[in-house]
Amino acid sequence: MAKENMSFMVCCANGAGSSLMMKMTMMKVLDKVGIKPGKVHHCALSEGKSAAPQYDVVFCAQNFTNMFKDAEKKGTIVIGLRNILSQQEIEQKMKENGLID
């Protein structure tokens with residue numbers, strides 16, 4: 001997968017506070033590892049569930065990953081996080097999914 005211009009979606013229950021904070025944390029990691037995203041969007045799970053196949057990577061809380069099975073079947077990488085504000089966890093999960101070295 002090309003590391004430049006990847007599209008990222010970040011979802012939380014209501015699409016307001018948590019997803020925005022998770023997006024900001026994810027952006028710090030992307031900057032640190034030198035990835036320039038093409039598109040970044042944060043939203044509520046209700047929107048994210050249907051929009052996910054349009055993105056390369058979806059981040060959400062670990063307990064919501066099962067909502068994105070259809071997107072995974074279409075090639076979207078879904079990453080569930082225990083601590084949505086942990087730069088270390090986001091970086092580690094990106095490594096595990098082959099997004100960074």
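Predicted model: local features only at pLDDT ≥ 70, side-chain atom pairs only at ≥ 80, totals over all residues.

Visitor: Where is glutamate 89, and which residues does it touch beyond its neighbours in sequence?

Guide: Glutamate 89 lies in helix α4. Leaving aside neighbours within four places in sequence, glutamate 89 is in contact with Gly80, Leu81, Arg82 and Asn83. By contrast, its C-alpha atom is separated by 22 Å from that of asparagine 5, a residue 84 places away along the chain.

Visitor: Why is glutamate 89 called buried?

Guide: Buried means under 20% relative accessible area. Glutamate 89 has 14%, so it is buried. In the same helix α4 (residues 87-96), Ile90, Glu91, Lys93 and Met94 are among the buried residues too.

Visitor: What covers the buried residues of α4?

Guide: The cover includes β1, α1 (17-33), β3 and β4 (77-81). Helix α4 lies across β1, β3 and β4, running at about 145 degrees to β4. Helix α1 lies across β1, β2, β3 and β4, at about 145 degrees to β1.

Visitor: How do you know that β2 and β4 are edge strands?

Guide: The open sheet has four strands in the order β2-β1-β3-β4, with parallel pairing. β2 (39-44) and β4 each have a single partner strand, so one side of each is left without a neighbour in the sheet. From one strand to the next, the twist averages 20 degrees.

Visitor: How do you know that β3 and β4 are paired?

Guide: Two strands pair if there are at least two bridges between them. Five bridges join β3 to β4, so these parallel strands count as a pair. Along them, phenylalanine 59 stands opposite isoleucine 79, and cysteine 60 stands opposite glycine 80.

Visitor: What makes β4 a mostly covered strand?

Guide: Five of its five residues are buried. Ile77, Ile79 and Leu81 point one way from β4, while Val78 and Gly80 point the other way. In a regular strand, side chains alternate between the two faces of the sheet.

Visitor: Why is the aromatic pair of phenylalanine 8 and phenylalanine 59 called stacked?

Guide: A search of the whole structure finds one aromatic pair. The ring centres of phenylalanine 8 and phenylalanine 59 are 6.4 Å apart, and the limit for a pair is 6.5 Å. Their planes are at 15 degrees, and under 30 degrees counts as stacked, so the pair is stacked. Phenylalanine 8 lies in β1 (residues 7-12) and phenylalanine 59 in β3 (residues 57-61), so the pair ties together parts that are 51 residues apart in sequence.

Visitor: Which residues touch the most other members of the largest nonpolar core?

Guide: That core has 19 residues, and Phe8, Phe59, Ile79 and Met94 touch the most other members. Two or more residues come from each of β1, α1, β3, β4 and α4, and α1 gives the most, with four. Apart from this core lies another of twelve residues, among them Cys43, Ala52, Cys60 and Ala71. In soluble globular proteins, nonpolar side chains tend to be buried together.

Visitor: What does methionine 94 touch?

Guide: Beyond its neighbours within four places in sequence, methionine 94 is in contact with Phe8, Val29, Leu30, Ile35, Phe59, Ile79, Leu99 and Ile100.

Methods. Residues numbered from 1 in each chain as written. Heavy atoms only, no water. Phe/Tyr/Trp six-rings, centres within 6.5 Å; stacked < 30°, edge-to-face > 60°. Buried < 20%, exposed > 50% of the residue type's maximum accessible area, 1.4 Å probe, protein only. Contact = heavy atoms within 4.5 Å. Axes fitted to C-alpha atoms, helices over the stretch in contact; angles between N-to-C directions. Core = buried A, V, L, I, M, F, W, Y, C linked by side-chain atoms within 4.5 Å.
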